[in-house]
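Morning, everyone. I have one model to go through, and I will keep it short. Please have a look at it on the screen first.

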Amino acid sequence: MKLLPAQPFSLKTVPVAVCLFVAFLALRLYGLANLTESQFLLPSAGDMHFYDDWALRILRGKWTDHKAFYGLPLYAYLLAAIYWVCGHNPFVPAFLQACLDAGTAVLLYRLGASVFAVPTEARSSPGWAWQGKFIGLSA
């Protein structure tokens, strides 16, 4: 078996989408790390508490309350599945959401690249990443 010669690592050989994903994931994880130091990581009110409580009811075996759904029912079931695999820890869904947000930035980059095909296509991705309200809401 013939081994290929090792090439030195260069940032020029890494695709732009990979660089964007890593940069935006680092930014989201920084926001998540700041959130873990505050009292807002644990769901105590609002939608986070609603879906957390619903997911815990699903884990206890109460799949439905036989009423019309309020909100997004599949999110509660997905959250229950995450809790079933990883335990009841609000950091895990927030980490997965941070990964999805970094993927969203890459999709925006790719969309801009396909529509505009000029060097300005990356303008939408940084806008998505630097919105402080998105960091707080997605984490």
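Predicted model: local features only at pLDDT ≥ 70, side-chain atom pairs only at ≥ 80, totals over all residues.

Helix H1 covers residues 16–36, which is 21 residues. From its first C-alpha to its last it reaches 30 Å, close to the 30 Å expected at 1.5 Å a residue.

Which residues of H1 are buried? They are Ala17, Leu20, Phe24, Leu25, Leu27, Arg28, Gly31, Leu32 and Leu35. Looking down the axis of H1, these buried residues fall within an arc of 160°, so they line one face of the helix. On the face turned away from that buried side, H1 carries the exposed residues Val22 and Tyr30.

Next, the cores. The largest nonpolar core has 9 residues. Its members are Ala17, Leu20, Phe24, Leu25, Ala98, Ala102, Ala105, Val106 and Tyr109. H1 and helix H4, residues 91–116, each supply at least two residues of this core. The largest share, 5 residues, comes from H4. Apart from this core lies another, of 8 residues, including Trp54, Ala76, Leu79 and Tyr83.

Last, the surface. Which residues make the nonpolar patch of about 380 Å²? Leu59, Trp84 and Val85 do. Leu59 belongs to helix H2, residues 46–59.

Technical notes: Residues numbered from 1 in each chain as written. Heavy atoms only, no water. Helix = DSSP H or I, 4+ residues; strand = E, 2+ residues; numbered from the N terminus. Expected span 1.5 Å × (residues − 1). Buried < 20%, exposed > 50% of the residue type's maximum accessible area, 1.4 Å probe, protein only. Arc of directions from axis to C-beta. Patch = residues over 30% accessible without salt bridge, like charges linked within 9 Å, V, L, I, M, F, W, Y side chains within 5 Å. Areas by Shrake-Rupley, 256 points an atom, 1.4 Å probe, with all protein chains shown as cover. Salt bridge = Lys/Arg side-chain N within 4 Å of Asp/Glu carboxyl O. Core = buried A, V, L, I, M, F, W, Y, C linked by side-chain atoms within 4.5 Å.
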